[in-house]
Amino acid sequence: MAELPIVWQLLVALIFSVVLILGLGMGLGGFLTWQERKQSAQMQDRIGPNRAPITIPLLGIKLYLFGLPHFLADGLKMLMKEDFIPENANKFLFWLAPAMALFATMVGFAVVPFGGVNEIAGFKINFQIATLNSGILFLFAFASLSVYGGVLAGYSSDSKLGLIGSMRTAAQLVSYEVALGLTLIGVFMIYQTLQLDLIAAQQGKTLFGFLPNWGVVWQPLGFLLFFAASIAETKRAPFDMPEGESEIVGYFLEYSGMKFGAFMFGEFIEIVLAAALMVTLFFGAYHIPWVQWEWITSWLQSTVGTNWLPGLLTGLLQFGVFAAKVFFFCFLQLALRWTVVRFRYDQVMNFGWKLLLPLSLANIVITAIVMLIVL
């Protein structure tokens, strides 16, 4: 397979950026605003959103679509709401905060592998926007910028309640970022790489001959700790201290319109990004257990020919497998949000520093000992 010219590489990266960020990130994030309400309604024996139909006047038809138009109505409502700015607010920082929070989340998708390297029209196409040797460090570096978005939001709004929310945001996110990074060290020790594209290592061999060579098989404790820490990083219940809805204390308390929408939408995109990381690091990304993608490509070549179509279909199938896994973990996070009771602030901090952090360090030590003895 030949390498694409640099101009075409940039064009392919741009196309993948649109597909992954707008399609999987923002598209699924917007869909989750409807799914959360519908899913919580089913869990609580309610109907949920069902009163925003799409009307076709000429035909007199109303399409309710199980309440799906509600998230479109939410977007229109936020666009039309008054863009309020407090009188004594720092207007530049007040505008910058939601942009930083949204940008820091979306840029993380650049290093997420949503497909493998496939041959299309004789060229090697990598279904990943940016292949970096230290992709996880890149992701954590930009993800940490979301802390600044929350802190600046409360600080710049000239509100004591907003400032309290921003202080909670800084304390919680910094605390759980420490545990979040430590939970992944065991995975990188096993696979000997900091790249997010661990698929070759997870697909190359199977553990004990029948289990998939996935991160969750080697690091079950690491996955559970990462799952808990990632939910805390999304700032959602039961870790919703920065918002503090029951106490009217939140870093975006003074925001309205699309600025508030940017914060809310950013949280849902964080859910998608957290699910994508779980899938990539612990569940084989686009890998299907006991199935080699070379087999599927060979079957497609024998069926549709050896032109550009088999490679494209293989890439689309890989993206479909990856998206299905991501959607499952999004569903799991939303279910947990309506299952576990909300923590107190001291419980949130104790859980991070007194439970997650020691267990993360213990997981590293145990992994090192097992690798030294067994491997």
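My entries below go through the cavities and then the aromatic rings.

**Entry 1: a word on the model.** I reminded myself that this is a predicted model, and I kept that in mind for every entry.

**Entry 2: counting cavities.** How many cavities of 30 Å³ or more does the structure hold? I found two. Rolling a probe the size of a water molecule over the atoms shows where empty space is left.

**Entry 3: the largest cavity.** I noted a volume of about 90 Å³ for the largest cavity. Its lining is made of 13 residues, and those closest to the centre are Ala101, Lys235, Tyr251, Phe263 and Glu270. I then looked up which elements give two or more residues to this lining, and they are helix H3 (91-106), helix H5 (145-156) and helix H11 (257-282). The largest share comes from H11, with five residues. Sorted by class, the lining has five nonpolar, five polar and three charged residues.

**Entry 4: the second largest cavity.** This one has a volume of about 50 Å³. Which helix gives the most to its lining? I found that helix H13 (residues 309-337) does, with four residues. I listed the lining residues too: Ile231, Thr234, Arg236, Ala237, Ile271, Gln333, Leu334, Leu336 and Arg337. They divide into five nonpolar, two polar and two charged.

**Entry 5: aromatic pairs.** Next I turned to the rings, and a search of the whole structure gave 24 aromatic pairs. One of them joins Tyr255 and Phe263, with 5.1 Å from centre to centre and 80° between the planes, an edge-to-face pair. Are these two residues buried or exposed? Tyr255 is at 6% relative accessibility, so it counts as buried. Phe263 has a relative accessible area of 4%, so it is buried as well.

**Entry 6: a cluster of rings.** I also wrote down one aromatic cluster, formed by Trp214, Phe223, Phe226, Phe227, Phe282, Phe283, Phe328 and Phe329.

**Entry 7: charges over rings.** Where does the charged end of Lys259 sit? I found it over the ring of Trp95, 3.6 Å from the ring centre. Arg236, which I had listed in the lining of the second largest cavity, has its charged end over the ring of Phe268, 5.2 Å from the centre of that ring.

Key. Residues are numbered from 1 along each chain as its sequence is written. This is a predicted model: local features need pLDDT of at least 70, side-chain atom pairs count only at pLDDT 80 or more; totals for chains, interfaces and linings use all residues. Side-chain values use heavy atoms; hydrogens and water are left out. On a 1 Å grid over the protein atoms alone, a cavity is a set of points where a 1.4 Å probe fits but cannot get out, and a pocket is an open set with protein on both sides within 12 Å along at least five of seven lines; lining residues have an atom within 4 Å of a point. Grid points are joined across faces, edges and corners, and a volume is the space filled by probe spheres set on the points. Ala, Val, Leu, Ile, Met, Phe, Trp, Tyr, Cys and Pro count as nonpolar, Asp, Glu, Lys and Arg as charged, and the others, Gly among them, as polar. Rings of Phe, Tyr and Trp (its six-membered ring) pair if their centres lie within 6.5 Å; planes under 30 degrees apart count as stacked, over 60 as edge-to-face and the rest as tilted. Buried means under 20% relative accessible area, exposed over 50%, partly exposed in between (1.4 Å probe, protein chains only). A charge sits over a ring if NZ of Lys or CZ of Arg is within 6 Å of the ring centre and within 35 degrees of the ring normal.
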